[in-house]
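Student: Could we go through this structure together? I would like to begin with the terms.
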Amino acid sequence: CCHGASSLFASRRSLKEKARLRLREFDVGDRFSRLPLPRASVLLPLVVREGRLHLLLTVRSMQLRRSPGQVCFPGGKREATDKDEIDTALREAKEEVGLQPEKVEVICRLVPGIDKMNHLVTPVVGFIEDTFQATPNPDEVSDVFVVPLEYFVKPLNYKTVPYKSSSGSLTWMHCFTYDDQEHKMSFRIWGLTAHFAVFLALVIFGERPTYEVDYDLDNLLSSLKAFSVPQNHMP
């Protein structure tokens with residue numbers, strides 16, 4: 001039994017190590033920190049389950065004024081006491097799902113996106129333990145679930161939905177429907193949440209998805225910069 005356990009541990013470690021190396025190439029650090037926009041951060045929590053990488057996601061409480069019932073990552077607006085984007089993401093994850101900051105191994109910050117409230121939203125990627133048990137704050141979160149990261153390159157249920165951007169132009173957004181066996185529920189993942197999940201999956205797996213993406217996969221970073229942050233805000 002011990003041999004099996006140790007080889008499982010070794011494969012988990014190499015899976016994490018591979019992901020770490022890929023992600024560090026895409027770490028933007030504080031490159032976008034001086035942009036003149038209100039700030040927000042989300043935590044993209046990666047967890048290894050059954051030998052595969054999974055992403056932890058939440059469902060916003062129906063009591064919330066903005067986007068009730070929508071799937072998103074733990075996160076929110078920056079507060080004056082937050083040191084940086086990482087601080088914001090960790091504080092929000094603790095408030096929303098009871099994840100202690102010291103239980104997160106932060107790997108990197110990826111290129112931010114702009115939400116419909118015109119916040120610059122920075123995705124912070126970190127590993128969490130597979131033993132983590134979420135304790136959702138019912139005022140903010142109604143559900144917590146995990147999706148295999150691979151689902152965002154090889155989805156079973158995918159479509160694009162039209163979306164009017166803040167500048168008034170029409171764009172198309174990824175929309176995934178994930179059937180969660182554990183919860184016996186279907187979750188719809190779209191918008192900026194899907195955008196971040198797709199980019200994370202492309203970075204880590206380095207393979208072409210089964211659907212169309214707006215990225216040059218051989219040069220992910222430069223094509224994402226053009227895509228995610230409006231040109232007049234480029235640093």
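Tutor: Buried means under 20% relative accessible area, exposed over 50%, and partly exposed in between, with a 1.4 Å probe and protein chains only. Helices (H or I, at least four residues) and strands (E, at least two) are DSSP runs, numbered from the N terminus. This is a predicted model, in which local features need pLDDT of at least 70 and side-chain atom pairs count only at pLDDT 80 or more, while totals for chains, interfaces and linings use all residues. Residues are numbered from 1 along each chain as its sequence is written, and side-chain values use heavy atoms, with hydrogens and water left out.

Student: Which residues of helix 2 are buried?
Tutor: In helix 2, the buried residues are Glu85, Thr88, Ala89, Leu90, Arg91, Glu92, Ala93, Glu96 and Val97.

Student: And what covers the buried residues of helix 2?
Tutor: The cover includes strand 1 (39-49), strand 2 (52-60), strand 4 (75-77), strand 5 (105-109), strand 7 (120-127) and strand 8 (141-148).

Student: What happens at the start of helix 2, and what just after helix 2?
Tutor: At the start, a side-chain oxygen of Asp84 comes to within 3.1 Å of the backbone nitrogen of Ile86. Just after the helix, Gly98 has a positive phi of about 75°.

Student: Where is Asp82, and is Asp82 buried or exposed?
Tutor: Asp82 lies in the loop between strand 4 and helix 2. Asp82 counts as buried because its relative accessibility is 7%. Leaving aside neighbours within four places in sequence, Asp82 is in contact (heavy atoms within 4.5 Å) with Lys77, Asp87, Thr88 and Arg91.

Student: Changing topic, which strand holds Gly126?
Tutor: Gly126 is in strand 7 and is buried, with a relative accessible area of 0%.

Student: How do strand 10 and strand 11 run?
Tutor: Strand 10 (residues 170-180) and strand 11 (residues 185-190) run antiparallel, joined by 6 bridges; two strands pair if DSSP finds at least two bridges between them. Asp179 has Ser186 in strand 11 as its bridge partner. The hairpin has 4 residues between the strands, and Lys184 takes a positive phi near 55° there.

How values were computed: Polar contact = N/O pair within 3.5 Å; in protein donor to acceptor, adjacent residues only side chain to side chain.
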